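Please open the model in a viewer and keep the sequence panel beside it.

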Amino acid sequence: MPPLGSPLILDGAYGEGGGTLVRTALAMSALTQQPFRLENVRGAQSRQGLLSEDLTVLRALALSCSAETVGAELGSSQFSFLPTRAARTLHERLEPVADGEGKGHANANVVLSSLAPVMARSGGYSTLFAVGETFGRHVLGFDSFAQTTLAVWRRQGLYAYADMPVAGFGLQSRGEVALEIEPSVLQGIDWSDRGSLRSARAIVTTAELPEPVGERGVEHIERLGQSAGVPIEAESIPLRAKTPGAQVTVWAEYERGLAGFAAYGQRGVRIETIAQQAVDSLLHWQASDATVDDHLADQILINATLAEDPTTFKVERLTPRLLTMIWVIKQFLPIHLTVKGTEGKPGIVTIRR
């Protein structure tokens with residue numbers, strides 16, 4: 001790591017080489033006041049260069065730590081981010097950065113989850129409103145964010161509270177998520193084994209669909225849980241939105257573990273099929289000895305690096321995304337962050353300052 005003030009040079013095509021690398025570097029720079037330049041932005045992905053979602057996070061953090069930026073434009077293949085002060089609280093409405101056609105796309109939950117660890121260390125309360133997708137395919141949905149991400153953060157000492165005034169299904173949507181973040185003292189978690197099951201729950205979220213659709217989803221989830229010997233408490237939440245949509249989210253909380261899984265509705269696919277996908281993912285995870293799911297592992301990581309005491313957790317699969325985050329963090333902090341296991345296989349991650 002170069003001396004403070006001398007920018008780090010990072011390769012945006014390293015590992016997973018996508019948006020997670022960009023957002024992790026921005027958060028770590030804001031937290032450490034270490035400037036950096038990122039080259040080959042999203043270089044390992046089909047869509048390369050800075051996207052609207054990246055710029056939404058970048059501009060919010062630049063405002064927080066009064067950072068100077070170079071090349072921070074849509075489609076840019078490289079940019080520099082140079083903080084000039086420690087991060088401060090924000091009270092902002094975060095609109096996706098518009099492209100040449102006046103459109104901007106972002107997942108509101110991803111934007112907020114990228115900013116929250118920085119805001120929690122800013123010394124005061126922050127209130128953020130992120131505009132964009134709130135439910136989508138293969139992305140962080142609001143129910144997962146509110147029920148699993150925020151729950152695991154509370155175990156780490158980070159207290160944040162989310163609300164969704166407007167739902168948005170799909171990348172083109174303009175939903176809205178509000179997040180209040182308290183100043184927090186982060187603590188480590190020893191999740192080397194998950195202990196006993198505390199609860200298993202599910203939410204069937206529907207928008208502009210007949211009410212029986214959600215009820216059928218709840219009934220199917222409860223039947224699946226009973227059949228597997230894992231009682232699942234499920235509820236249906238109908239929402240108003242500009243476009244129809246559905247998502248099933250199921251999660252299980254243990255003494256020392258937490259995991260959640262979601263399945264996104266598609267036209268012509270029965271709600272029972274969607275519910276089956278989500279529950280099957282949970283049951284598959286429960287058959288392992290992992291203590292967090294693969295996505296929660298990402299959301300634990302930055303908080304764990306800031307805690308004074310150690311953190312240990314197990315994953316069912318070491319993803320390229322998690323390993324890339326670990327690489328980025330090590331560029332900014334002299335930290336003992338060890339991984340036992342190989343990519344694509346079960347692993348144990350230990351963080352010690």
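Two strands are said to pair if DSSP finds at least two bridges between them. Helices (H or I, at least four residues) and strands (E, at least two) are DSSP runs, numbered from the N terminus. The model is predicted: local features need pLDDT of at least 70, side-chain atom pairs count only at pLDDT 80 or more, and totals for chains, interfaces and linings use all residues. Residues are numbered from 1 along each chain as its sequence is written, and side-chain values use heavy atoms, with hydrogens and water left out.

**Stop 1**

Because 6 of its 7 residues are buried, β8 is largely enclosed by the rest of the structure. Strand β6 (residues 126-132) is also largely enclosed, since 5 of its 7 residues are buried.

**Stop 2: the nonpolar cores**

A nonpolar core is a set of buried Ala, Val, Leu, Ile, Met, Phe, Trp, Tyr and Cys residues joined through side-chain atoms within 4.5 Å. Which residues touch the most other members of the largest core? Among its 89 residues, they are Leu26, Phe36, Phe79, Phe81, Ile181, Leu301 and Phe313. Select Leu26 and display its contacts (heavy atoms within 4.5 Å). Leaving aside residues up to four places away in sequence, Leu26 touches Phe36, Asp54, Val57, Leu58, Leu61, Phe79 and Phe81. A second, separate core has 26 residues, including Ala200, Val204, Ile221 and Val279.

**Stop 3**

Move to Ala30, in helix α1 (residues 19-32). Is Ala30 buried or exposed? Its relative accessibility is 1%, so Ala30 counts as buried. Apart from residues up to four places away in sequence, Ala30 touches Leu61, Cys65, Phe81, Ala87 and Val118. A distance of 12 Å separates the C-alpha atoms of Ala30 and Thr89, which are 59 residues apart along the chain.

Gln33 is in the loop between α1 and β2 (36-39). The phi of Gln33 is near 60°, a positive value in a residue other than glycine, and Gln33 is partly exposed, with a relative accessible area of 26%. Compare Ser66, in the loop between α2 (52-64) and β3 (68-70). The phi of Ser66 is near 45°, again a positive value in a residue other than glycine, and at 33% relative accessibility Ser66 counts as partly exposed.

**Stop 4: helix α6**

Select helix α6 (residues 271-286). The expected span of a helix is 1.5 Å times one less than its number of residues. The 16 residues of α6 should therefore span 22 Å, which agrees with the 23 Å between its end C-alpha atoms. The buried residues of α6 are Ile271, Glu272, Ile274, Ala275, Ala278, Val279, Leu282, Trp285 and Gln286. Viewed down the helix axis, they fall within an arc of 160° and so line one face of α6; the arc is that of the directions from the helix axis to the C-beta atoms. The elements covering these buried residues include β10 (197-207), α5 (211-228), β12 (245-254) and β13 (257-264).

**Stop 5**

Finally, select the 4 strands that form an open sheet of mixed pairing, in the order β9-β14-β16-β15. At its edges are β9 (190-191) and β15 (336-340), each pairing on one side only. Strand β14 (residues 311-315) pairs with β9 in the parallel sense over 2 bridges, and Asp190 has Thr312 of β14 as its bridge partner. Helix α8 (residues 320-332) lies across β14, β15 and β16 (347-352), at about 155° to β15. For that angle, axes are lines fitted to C-alpha atoms, for helices over the stretch in contact, and angles run from 0 to 180 degrees between N-to-C directions.

Technical notes:
Buried means under 20% relative accessible area, exposed over 50%, partly exposed in between (1.4 Å probe, protein chains only).
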